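Colleague: Hi! Could you walk me through this one while I have it open?
Modeller: Happy to, here it is.
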Amino acid sequence: MHDSKEYDRKYRKNHKEEIAKRKKKYYEEHKNDEIYQEYHRKATLKSYWKNREKRIMQMRQWHRNLITQVITHYGGKCTCCGEAELLFLTLDHIDGQGAKHRKQFGGRYSGRKVYQWIIAQKYPKGFQVLCFNCNCGKARNNNVCPHKS
Ligand SMILES: [Zn+2]
Ligand SMILES: [Zn+2]
């Protein structure tokens, strides 16, 4: 009995170049067709978005690992109130000279550049972990968190 699938498989295996040539010819003949272009554009776009999402996910994961590493090194929770949810935590310059230092990194301490810098500097002294509340409170209250004044 004739097995068409098996035949197909063998045919494709034995005629690889021929098939590639035929595809190329088809492409050459149809590359100016609107429908073909549309199809091609959509296919490219689809893979672009698929990969883009994947790339963003990887970057996010990497960024998160970076932050976890640094925050954990500096105690892993808010030095003032004990908040331990990573998403609430940020790095703080203990002596309040943060603003000047922050300028090097585009004005904020939450960017990955700061975390990369800290790791490269082997975790310099002078930083502490604060939650965003305590961090903002401190900045608005002459460098002392309202919890403590
Ligand atoms: Zn806090
Ligand atoms: Zn506080």
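Colleague: Which residues make up the largest nonpolar core?
Modeller: The largest nonpolar core has eight residues, namely Cys78, Cys80, Leu89, Val129, Leu130, Cys131, Cys134 and Cys145. A core here is a set of buried Ala, Val, Leu, Ile, Met, Phe, Trp, Tyr and Cys residues joined through C-beta atoms within 7 Å. Buried means 20 or more other C-beta atoms within 10 Å of a residue's own, exposed means 12 or fewer, and partly exposed is in between, with C-beta atoms placed from the backbone.
Colleague: And which strand gives the most to this core?
Modeller: Strand β2 (residues 127-131), with three residues. Helices (H or I, at least four residues) and strands (E, at least two) are DSSP runs, numbered from the N terminus.
Colleague: Before I go on, where do the numbering and cut-offs come from?
Modeller: This is a predicted model, where local features need pLDDT of at least 70, side-chain atom pairs count only at pLDDT 80 or more, and totals for chains, interfaces and linings use all residues. Residues are numbered from 1 along each chain as its sequence is written, while chains are lettered from A and ligands numbered from 1 in the order in which they are written.
Colleague: Thanks. What is cysteine 78 in contact with?
Modeller: Leaving aside neighbours within four places in sequence, cysteine 78 contacts Glu83, Leu89, Val129, Leu130, Cys131 and Cys134. Contact means C-beta atoms, placed from the backbone, within 7 Å.
Colleague: How many helices and strands are there?
Modeller: The protein chain has six helices and two strands, in the order α-α-α-β-α-α-β-α along the sequence. Of its 149 residues, 11% count as buried.
Colleague: At what angle do α3 and α5 cross?
Modeller: The axes of α3 (residues 34-73) and α5 (residues 112-120) come within 10 Å and cross at roughly 50°. Axes are lines fitted to C-alpha atoms, for helices over the stretch in contact, and angles run from 0 to 180 degrees between N-to-C directions.
Colleague: Which residues meet there?
Modeller: His63, Leu66, Ile67, Gln69 and Val70 in α3 meet Arg112, Tyr115, Gln116, Ile118 and Ile119 in α5.
Colleague: Last topic, where is asparagine 142?
Modeller: Asparagine 142 sits in the segment after α6 (132-140), and its phi is near 55°, a positive value in a residue other than glycine. Asparagine 142 is exposed, with 8 other C-beta atoms within 10 Å.
Colleague: And how exposed is asparagine 143?
Modeller: Asparagine 143 is partly exposed, with 14 other C-beta atoms within 10 Å. Asparagine 143 has a positive phi of about 70°.

How values were computed:
Two residues are in contact if their C-beta atoms, placed from the backbone, lie within 7 Å.
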